[in-house]
Amino acid sequence: MEPIAVIMAGGLGLRLWPRSTERRPKQFVHVAGDGTLIQNTVMRLLPALPLERIFIVTTLELAPMVQDQLPMIPADNILCEPFGRNTAPCLALSTAMLRHRFGDETVCIALPSDHVIYNVREFQVVLDRACTAAETHDGIVTIGVSPTRPEPGFGYIQVGDDVDTDNPLLRGYVKSVTTFAEKPDVATAQRFIDAGDFVWNSGIFVARLGQLKASVDTHMPDHAPLFTMLDRHVGEESFIELTDMVYRQLRSVSFDKAVLEHAQNVIVVEGTFGWSDVGTWD
């Protein structure tokens with residue numbers, strides 16, 4: 001079954017001020033490459049996915065800018081949050097909406113809209129590998145990037161042993177996850193590099209929609225009942241009003257902190273493509 005992609009585009013990118021502002025966050029500006037960051041993100045997916053299977057999640061305020069920069073994306077594929085609550089609520093809402101269109105077994109690629117990636121062909125190979133792993137893995141597949149320096153501005157993943165697989169295309173490429181480490185100081189980052197078993201956390205992960213829902217239910221017990229209620233009203237006239245009500249009860253939390261750091265069923269596929277989240281000018 002062909003996967004779908006969810007591009008998260010509701011962030012404000014305030015650390016890249018003054019280029020990035022609340023009215024025009026960094027995903028909508030030119031930083032590297034021919035297009036804006038969000039345009040480049042879509043273009044990297046197009047060889048593998050048709051436009052109708054690419055979805056953009058953003059806020060109501062930023063939705064017109066998405067439509068302006070990505071006129072080729074179908075209007076129904078722009079999913080709107082009332083306002084931003086970080087990536088965990090963003091993906092919980094997306095999962096609730098997309099399960100109704102595609103079912104639990106569809107593989108979903110979740111990725112930020114505001115990263116820079118070089119060696120796009122290598123990225124596409126790694127992404128295809130992660131999608132293949134997600135088809136049978138009962139959990140979440142993360143994408144790690146081989147570190148090239150002790151960067152304190154990135155998150156890290158400590159990788160473990162190879163994951164057993166019957167698929168020869170995956171053998172030796174999929175590892176277990178030992179732990180996640182948030183942005184360290186330079187000395188700690190250097191220790192990670194020296195240890196040789198850490199990769200940068202790219203913020204890109206892949207899972208079947210049913211697995212994403214199960215992860216929210218298990219690791220976000222304060223949020224899960226609210227999204228279960230929303231799930232029952234997808235497609236109804238009341239959905240927009242209910243979503244606004246639900247979002248006012250949510251805490252702002254990243255998917256990494258809410259789910260990935262606690263889940264026991266996370267694996268990693270490592271890539272050697274050039275990558276940066278361009279979070280700061282440094």
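Author: Let me begin with Ser113, which is buried because its relative accessible area is 1%, where buried means under 20%, exposed means over 50% and partly exposed is in between, with a 1.4 Å probe and protein chains only. This is a predicted model, in which local features need pLDDT of at least 70 and side-chain atom pairs count only at pLDDT 80 or more, while totals for chains, interfaces and linings use all residues. Residues are numbered from 1 along each chain as its sequence is written, and side-chain values use heavy atoms, with hydrogens and water left out.

Reader: Okay, and where does Ser113 lie?
Author: Ser113 lies in the loop between strand 4 (107-112) and strand 5 (116-118); helices (H or I, at least four residues) and strands (E, at least two) are DSSP runs, numbered from the N terminus.

Reader: What does the side chain of Ser113 reach?
Author: It reaches the backbone oxygen of Met8, at 2.9 Å. That is a polar contact, meaning a pair of N or O atoms within 3.5 Å; within protein, one must be able to donate a hydrogen and the other to accept it, and residues adjacent in sequence count only if both atoms are side-chain atoms. With neighbours within four places in sequence left aside, Ser113 is in contact (heavy atoms within 4.5 Å) with Ile7, Met8, Ala9, Gln27, Leu37, Ile38 and Thr41.

Reader: Gln69 next: is it buried or exposed?
Author: Gln69 counts as buried, because its relative accessibility is 8%, and its place is in helix 2 (residues 63-69). Its side chain reaches the backbone oxygen of Phe28 at 2.9 Å, and Phe28 is also one of the residues that Gln69 touches, together with Arg24, Gln27, Thr36, Ile38 and Gln39, not counting residues up to four places away in sequence.

Reader: Switching topic, how many residues has the largest nonpolar core?
Author: That core has 46 residues, and Ile56, Ile109 and Val206 are those with the most contacts inside it. A nonpolar core here is a set of buried Ala, Val, Leu, Ile, Met, Phe, Trp, Tyr and Cys residues joined through side-chain atoms within 4.5 Å. Helix 4 (residues 120-136) gives the most to this core, with seven residues. Apart from it lies another core, of 44 residues, among them Val199, Phe205, Leu226 and Val266.

Reader: And which residues is Ile56 in contact with?
Author: Leaving aside neighbours within four places in sequence, the contacts of Ile56 include Ile7, Ala9, Ile38, Val42, Val66 and Leu70.

Reader: How many aromatic pairs are there?
Author: The count comes to nine, under a rule by which rings of Phe, Tyr and Trp (its six-membered ring) pair if their centres lie within 6.5 Å, with planes under 30 degrees apart counted as stacked, over 60 as edge-to-face and the rest as tilted. One of them joins Phe55 and Phe102 edge-to-face, with 5.8 Å centre to centre and 80 degrees between the planes. The pair links distant parts of the chain, since Phe55 is in strand 2 (residues 54-59) and Phe102 in helix 3 (residues 87-102), 47 residues apart. Phe55 counts as buried at 0% relative accessibility, whereas Phe102, at 24%, counts as partly exposed.

Reader: What about Phe154 and Trp200?
Author: They also form an edge-to-face pair, 4.9 Å centre to centre and with 85 degrees between the planes. Phe154 lies in the loop between strand 6 (140-145) and strand 7 (156-162) and Trp200 in strand 9 (residues 198-208), so the pair ties together parts that are 46 residues apart in sequence. With Trp275, these two residues form one aromatic cluster.

Reader: Last topic, helix 6: which of its residues are buried?
Author: In helix 6 (residues 209-219) the buried residues are Leu209, Gln211, Leu212, Ser215 and Val216. Seen down the helix axis they fall within an arc of 160 degrees, so they line one face of helix 6; the arc is that of the directions from the helix axis to the C-beta atoms.

Reader: And Asp217, is it buried or partly exposed?
Author: Asp217, whose place is also in helix 6, counts as partly exposed because its relative accessibility is 32%. Its side chain makes a polar contact with the side chain of Lys213, at 2.8 Å.
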